[in-house]
Amino acid sequence: MAKEVEIKFVVENIPALEARLRSVGFRLVTPHTHEMNTLYDRPGGDLRRRGELLRLRQYGPTWKLTHKAGGTPGVHKTRVETETTVGDGEEMNAILLALGFEPTFRYEKFRAEWTDGKGHVVIDETPIGNLAEIEGEPEWIDETAARLGLDRKKYITKNYAELFRQWKQRTGSSAQNMTFAECGSVEVAAKNLET
């Protein structure tokens with residue numbers, strides 16, 4: 001089990017952030033890749049009530065099953081994360097359903113991953129806006145944020161489900177999932193799938 005420590009922040013200009021990452025010693029590890037995530041829970045929402053998450057993710061051709069324990073409040077989002085690669089995502093979905101879990105929320109994005117060898121910065125193009133995550137040791141996160149010109153007041157520790165709920169409240173959207181099709185960004189999805 002590993003401890004995940006991260007923060008998110010809003011990205012106004014992706015090319016400018018990419019240029020800044022290069023200038024401070026980061027290199028691109030994974031280019032702009034489509035990612036689809038499905039969260040599962042028991043009927044009644046036991047995991048959500050405990051602040052836990054069970055996720056099946058397809059990132060390009062790779063599938064991963066992840067459990068995240070309840071987080072520790074603070075400047076950074078910190079939680080225990082257990083993750084494993086899955087050979088067949090459809091079969092894993094069938095197993096979860098057979099065990100009594102049900103899909104509760106889907107979200108997609110296009111993600112690019114960067115590293116300086118000590119931690120990661122990922123840039124996510126999502127249906128509700130562009131965000132980035134800085135993941136690593138707490139001190140490294142703060143140092144990296146400073147190198148990127150990010151004020152600590154801009155740190156976001158909410159997960160995508162929470163950010164989506166806030167976006168729905170602001171926009172009045174009836175979307176149930178954070179997908180390009182449901183959020184009205186079909187043209188963006190089509191454009192990104194072509195690249």
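Leaving aside its neighbours within four places in sequence, which residues is Thr-126 in contact with? Glu-108, Lys-109, Leu-131, Tyr-160, Met-178 and Phe-180. Contact here means heavy atoms within 4.5 Å.

Some ground rules. This is a predicted model, where local features need pLDDT of at least 70, side-chain atom pairs count only at pLDDT 80 or more, and totals for chains, interfaces and linings use all residues. Residues are numbered from 1 along each chain as its sequence is written, and side-chain values use heavy atoms, with hydrogens and water left out.

Back to Thr-126. It belongs to strand β7, residues 120–126. Helices (H or I, at least four residues) and strands (E, at least two) are DSSP runs, numbered from the N terminus. Thr-126 counts as buried because its relative accessibility is 7%. Buried means under 20% relative accessible area, exposed means over 50%, and partly exposed lies in between (1.4 Å probe, protein chains only).

Look at the side chain of Thr-126. A polar atom there lies 3.0 Å from the backbone nitrogen of Ile-128. The backbone oxygen of Gly-129 lies 2.6 Å from a polar atom of that side chain. For polar contacts, the rule is a pair of N or O atoms within 3.5 Å; within protein, one must be able to donate a hydrogen and the other to accept it, and residues adjacent in sequence count only if both atoms are side-chain atoms.

Next, helix α1, residues 14–23. Its buried residues include Ile-14, Leu-17 and Leu-21. Down the axis, the buried residues of α1 fall within an arc of 60°, so they line one face of the helix. The arc is that of the directions from the helix axis to the C-beta atoms. Why does that spacing work? An α-helix has 3.6 residues a turn, so residues three or four places apart point the same way. On the other side of α1, Pro-15, Arg-22 and Ser-23 are exposed. The buried residues of α1 pack against β1 (2–10), β6 (102–115), β7 and β8 (129–135). At the start of α1, a side-chain oxygen of Asn-13 comes within 2.9 Å of the backbone nitrogen of Ala-16. Just after α1, Gly-25 has a positive phi of about 95°.

Now helix α4, residues 138–147. Trp-140, Ile-141, Thr-144 and Ala-145 are buried there. They cover an arc of only 135° around the axis, which puts them on the same side of α4. Glu-139 and Ala-146, on the other side, are exposed. The buried residues of α4 pack against β1, β7 and β8. Just after α4, Gly-149 takes a positive phi of about 80°.

Last, the rings. There are six aromatic pairs. Rings of Phe, Tyr and Trp (its six-membered ring) pair if their centres lie within 6.5 Å; planes under 30 degrees apart count as stacked, over 60 as edge-to-face and the rest as tilted. Phe-105 and Tyr-107 have ring centres 5.7 Å apart and planes at 20°, so that pair is stacked. Both Phe-105 and Tyr-107 are buried. Phe-110 and Phe-180 have ring centres 5.6 Å apart and planes at 45°, so this pair is tilted. The pair links distant parts of the chain, 70 residues apart: Phe-110 is in strand β6, and Phe-180 is in the loop between α5 (160–171) and α6 (186–194). Ring pairs also link Phe-105, Tyr-107, Tyr-160, Phe-164 and Trp-167 into a cluster.
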